Amino acid sequence: MSYEEKGKEPVGEALSGYKTKIEEAVLSNFSSDKIMETFDKVEASTSNIQKYMGVGAEMSDEIRSAMTDAASKIISMGGSMGDLETIQQGLLETTGRNVIASNEYFSEIYAAAEVSGQSMKTLQDGFINAGYNMNNIGSEMQTVLDTSRALGVSMQAVSAGVLDNMKSLDTHNFKGGVEGLSKMAATSATLRVNMSSMMQAVDKAFDPEGAIEMASAFQRLGVTQSELLDPLKLMNMSMNDPEQFMKSISDMGKSLTELDEKGNIRIAPGSIRRMKKLADAAGMNVDEFAKMSKASAELDIKMQKISFPDFASEEQKTMIANISQMKDGKIQMKVDGEMKDVNEVLQQFKGDQKGLKDFLESSQPKTLEELALEQLTTSKAIEAGIDSIANKTGLAFAGSKTGGKIRQAERKIVRAGTDAVSNSFDVSKLRQGFDNEVGVLTQSLIKLSKGEGSLTEVGQSLSTVLNDVKGGFGSVYEDLKKNLGTEEQKLLSSTNEFVQMLNSTVVSGADFFSKNEKLGDVDKKISPEKTNEKKNLQVDMSKIRPENNVDVFKKIETNSGLTKEQVMEMSSLSAKENLSGEIVLTVKVDTSDSESKAKLERLLQSDTQVRELLVKAITNAKTNDGRKGYMSK
């Protein structure tokens, strides 16, 4: 079966596809649609955080800039905008304060969560509630990583042990704080015992009565370790060295085991009853005690069979033992893809202390971020890398104060219009009006049903209702024009420079109805009297100078053969001002030359470009009171 038949892309095709994706990612930084799409995503997350904080627009710039600064690094590790929101939200919930995370905090928490297998919220709760500075969580989790690497145990197991037992830092003295707790968690993982179960035994020995009872029971059961037979030593280990307490208990347990003929470790049949009593004396679950005892025995066997270099540290010995395995009576480890005898591998480092250190550490990432990246699949790592270069312009715009001002301006301008409409349509008044007027029609229908009225009367009632409702909407229309003007004045007084800039491109409240065909029709139908003349105005035709409007007359001459002089002679303007204050200009074509007149009228009717150019020229003319005119035809 070929590679293609398995449903996989050949490497060449895959690389070609990635090339296309990279190009698209780069181009996304120059796409206005992508920029605004990115801004919308950032704004959605910001809005959710603002709601939780209970703050308004004054904090949005800070929130957006913090998240967008960290976004590229999070995305490069396979994360998303949603992860940033989760981290910030978790920080707010844990601290109970309106604290905004730094971009370093975002990336450290995300990497720590990915590597440790713990949720971002669990990490934040564990450390912050234990009194650790939020900005130290990353470095403390790095300590957990270093400890697990040094001892060759699972990072996730150690992380779980640390986070589940953070409260123990307040009741026991772990050397180095999280470092000591991490070592105990690592030792727990090595011994395959649940750290929380072990801490129950530690807590039992913490109390004087519990320590005396434990030491006495161990003595009766034949325990030989002196530190376990002295109540004071038990109490001291419990308080100041819980890890050593656990090691002593596990050493006691390994004496209960044996190696069978197949190389398996088990509890010796003759020691089962004693094992149960020892577990009870230690305050541990029997199953946990048995697992710990067998793991301790396995570690002891490895330690005895491995010939460590004299300079090897205890951590290095433990690491080698943990990453090796027993097979066919030998202790082996995987090197260069092959299982090899540990002693043969170590032989090459005889006298080479640095060489051994480099060998043990060479294949292990040094930081949480490196590990988070290396744990991604190849395809996910490539996609994350490509995604990290996409939409950077959008992120920059979304995080900038300028971007925030522009979107705020957009919001204010649109809301100004919608608020004006909302304030004009008073639902309660309209509802009452409908109910009152429909009552007239209802009464007519009731009379008709009783045989007291006529269809003519019903028709008259219906006509009355429609006229009254129509008049009511006329009132709404007047309120709307008034409210639009009020909102426009608010925008003009805004301190946001973009509000004024964008508002200048939007038609004013006074022009809104005259320039909207549908609303203009409503205006005429509801309030036809509003189009009556208020006064006539004269327009100075000399203001339209051919030399200042070359494009207009050149176009006319090309398409109709009429010269500038002919157009000026044939054209005249008249103006009217209606009650809403609008100046309406009318262009008339009047000449005895019917052929030329027909040419110009035909051109104005058929050529949109000519009309637009001529309107531009005419609207530069002034009325006799200094105002600009507006074309109606």
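Modeller: Lys254 forms a salt bridge with Asp251, and their closest N and O atoms are 3.6 Å apart. A salt bridge here is a side-chain nitrogen of Lys or Arg within 4 Å of a carboxyl oxygen of Asp or Glu. The model is predicted, so local features need pLDDT of at least 70 and side-chain atom pairs count only at pLDDT 80 or more, while totals for chains, interfaces and linings use all residues. Residues are numbered from 1 along each chain as its sequence is written, and side-chain values use heavy atoms, with hydrogens and water left out.

Both partners sit in helix H14 (residues 242-254), three residues apart, so about one helical turn separates them. Helices are DSSP runs of H or I with at least four residues, strands are E runs of at least two, and numbering starts from the N terminus. An α-helix has 3.6 residues a turn, so residues three or four places apart point the same way. As for exposure, buried means under 20% relative accessible area, exposed means over 50%, and partly exposed is in between (1.4 Å probe, protein chains only). Lys254 has a relative accessible area of 24% and is therefore partly exposed. Asp251, at 34%, also counts as partly exposed.

Elsewhere, salt bridges that share partners join Glu93, Lys121 and Asp125 into one network. One link is the salt bridge of Asp125 with Lys121, whose closest N and O atoms are 2.9 Å apart. These two residues both lie in helix H6, four residues apart, about one turn of the helix. Asp125 has 25% relative accessibility and so counts as partly exposed. Lys121 is partly exposed too, at 26%. Lys121 also forms a salt bridge with Glu93, where the closest N and O atoms are 3.9 Å apart. Because Glu93 lies in helix H4 (residues 81-95) and Lys121 in helix H6 (residues 120-129), this pair ties together parts that are 28 residues apart in sequence. Glu93 is partly exposed, with 39% relative accessibility. A search of the whole structure finds 14 salt bridges.

Asp207, Glu209, Glu213 and Asp280 form a negative surface patch. Patches are made of residues with over 30% relative accessible area and no salt bridge; like charges are joined within 9 Å, and nonpolar side chains (Val, Leu, Ile, Met, Phe, Trp, Tyr) within 5 Å. The areas come from the Shrake-Rupley method with a 1.4 Å probe, and for residues only the protein chains shown count as cover. In the charge count, Lys and Arg are positive and Asp and Glu negative, while His and the chain ends are not counted. The place of a charge is taken as NZ of Lys, CZ of Arg, CG of Asp or CD of Glu. Asp207 is found in the loop between helix H10 (195-206) and helix H11 (208-220). Its relative accessible area is 38%, so Asp207 is partly exposed.

The buried residues of H15 (residues 272-282) are Met275, Leu278, Ala279, Ala281 and Ala282. They lie on the same side of the helix, because they cover an arc of only 160 degrees around the axis. That arc is the one spanned by the directions from the helix axis to the C-beta atoms. Arg273 and Asp280 are exposed on the other side of H15.

The surface also has a nonpolar patch of about 480 Å², made by Ile22, Val26, Leu27, Phe30 and Ile389. Helix H1 (residues 11-27) supplies the largest share of it, three residues. Ile389 belongs to helix H21 (residues 378-389). At 32% relative accessibility, Ile389 counts as partly exposed.

Asn391 lies in the loop between H21 and helix H22 (392-399). Phi of Asn391 is near 60 degrees, a positive value in a residue other than glycine. Asn391 is partly exposed, with a relative accessible area of 24%. Arg192, in the loop between helix H9 (178-190) and H10, has phi near 55 degrees, again a positive value in a residue other than glycine.
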